[in-house]
Amino acid sequence: MAPAKPQLVFLCASCGHESRKWLGRCPQCGEWDSLREQQAKPKLRGGGAAAAIFPLNGEGGEEESRLVTGISELDRTLGGGIVLGSVTLIGGDPGIGKSTLILQLLAALAQQDRKLLYASGEESVRQIRMRAERLTVRSDSIFLAAENSVQAIIRQVEELRPAFLAVDSIQTVYSEEVSSAPGSVTQVRECTSLLVNLAKRTDMPVILIGHVTKDGSIAGPRVLEHMVDTVLYFEGDSSQVFRLLRTVKNRFGSTNEIGVFEMKESGLAEVDNPSALFLAERPVNVPGSVVIPSVEGTRPILVEVQALVSPSSLGTARRTAIGADPQRLALLTAVLEKKIGLSLFNHDIFLNIAGGIRIDEPALDLAVIVALLSSLYEKVVDPATVVCGEVGLAGEIRAVSQMEMRLREARRLGFKTFLMPESSRRQLEAGSAEGIVVHPVRTVHEVVERLFGG
């Protein structure tokens with residue numbers, strides 16, 4: 001009797017949606033030409049033992065549920081440490097420092113007398129040892145495995161029983177039960193599922209390193225990010241020395257945290273004072289420059305906002321924003337034209353958030369307005385001034401949150417004047433503004449009068 005012909009399905013490379021026939025557009029995520037032919041997995045019969053049921057108010061899961069790594073910037077982004085039994089996905093561009101971060105993490109955990117396993121599908125054991133030697137990472141508690149099979153990695157975990165597992169990278173690992181090539185939608189989803197089950201069953205934390213695509217998202221099906229507990233992105237230009245570790249998803253903490261590192265020959269060094277770092281090369285007495293006290297999660301960071309407004313010789317003026325939303329820049333430009341009466345349609349406008357950081361909060365609006373006006377009028381904003389506030393379409397200045405935290409950081413770094421929304425000034429606690437002069441403003445007109453003399 002001839003063997004049964006294997007059934008084929010079509011899986012979306014973006015979201016993992018499964019279809020019995022090929023479709024030009026995925027009905028779930030809407031991507032075009034994203035369905036790929038794969039061999040269908042056999043369906044399992046029911047009847048297995050059901051999982052145990054526990055009451056909500058039971059024991060366990062309170063205080064001793066995290067591994068504190070000792071790397072404060074990493075612990076911050078994770079919400080205080082690595083949760084036992086969790087799966088963390090770290091993505092970033094090639095050469096950004098993901099593998100370096102993992103090795104330094106293992107070295108920090110090894111100081112707590114824990115067995116650790118580093119499984120790499122990209123490097124040999126000799127290559128990993130060479131990199132560890134360069135980073136001066138030496139420990140008898142760290143074990144290496146150059147392995148691509150997820151089943152083999154699971155067997156090694158069951159034999160060694162480590163307290164922590166790192167897999168570099170998830171796109172190079174394959175399952176022996178799936179016929180498609182490593183990195184395919186089916187392989188990435190199946191391998192991640194097996195590693196997630198391993199973490200939950202053994203209460204062992206797992207960190208996965210993931211490749212990114214040209215648009216900066218983690219390669220593989222979108223469902224990959226839904227399967228893990230935490231997603232971190234390692235950001236930065238490989239030609240620069242500073243790296244940002246940003247939390248995109250965290251089931252056990254805030255999703256707005258960032259960690260700041262500096263790349264050195266000896267590895268990644270933590271940056272304890274990011275505000276001083278981002279303002280270190282700030283030009284003094286130059287038009288188009290202003291400082292904003294931004295808040296990333298629980299951390300206030302002072303960042304320089306730069307703007308350049310110059311007459312355009314082109315038929316259509318350019319609008320470029322680096323580190324900020326270009327649509328927000330266009331909106332604020334329209335507010336200046338409508339409410340102040342400026343003619344900016346024939347001016348090129350360039351906006352830059354210095355230091356390679358990206359700011360998405362509405363508090364950036366007032367800083368953008370001030371930087372644009374400073375560049376247009378060729379008037380310098382007092383270097384000891386910080387500004388913060390949201391700008392509405394009617395030209396009003398709206399309140400923003402966590403103003404006391406922003407005030408403390410500005411005062412700590414020696415700033416003397418704070419331009420903020422009047423509604424935020426009324427909400428400040430008594431005594432919180434001591435040591436710094438607060439100028440409340442209600443409209444864009446008042447900002448022009450206050451800083452540029454009308």
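Student: What should I know before we start?
Tutor: The model is predicted, so local features need pLDDT of at least 70 and side-chain atom pairs count only at pLDDT 80 or more, while totals for chains, interfaces and linings use all residues. Residues are numbered from 1 along each chain as its sequence is written, and side-chain values use heavy atoms, with hydrogens and water left out.

Student: Helix α8, then. Which residues are buried in α8?
Tutor: L329, L332, T333, V335 and L336. Buried means under 20% relative accessible area, exposed over 50%, and partly exposed in between, with a 1.4 Å probe and protein chains only.

Student: On which side of α8 do they sit?
Tutor: They are on the same side of α8, because they cover an arc of only 155° around the axis. The arc is that of the directions from the helix axis to the C-beta atoms.

Student: What is on the face turned away?
Tutor: The exposed residues Q327 and K338.

Student: And what covers the buried residues?
Tutor: The cover includes strands β17 and β18 and helices α9 and α12. Helices (H or I, at least four residues) and strands (E, at least two) are DSSP runs, numbered from the N terminus.

Student: What caps the N-terminal end of α8?
Tutor: D325 does. One of its side-chain oxygens lies 3.2 Å from the backbone nitrogen of Q327. Just after the helix, G341 takes a positive phi of about 85°.

Student: New topic. Where is T88?
Tutor: T88 is in strand β6, residues 87–92. T88 counts as buried, because its relative accessibility is 2%.

Student: What is T88 in contact with?
Tutor: Leaving aside neighbours within four places in sequence, its contacts include L78, V206 and T230. Contact means heavy atoms within 4.5 Å.

Student: How about R412, where is that?
Tutor: R412 is in helix α10, residues 403–412. Its side chain makes a polar contact with the side chain of N273, at 3.1 Å. A polar contact is a pair of N or O atoms within 3.5 Å; within protein, one must be able to donate a hydrogen and the other to accept it, and residues adjacent in sequence count only if both atoms are side-chain atoms.

Student: Last one. How many disulfides are there?
Tutor: The count is zero. A disulfide here is a pair of cysteine sulfur atoms within 2.5 Å.
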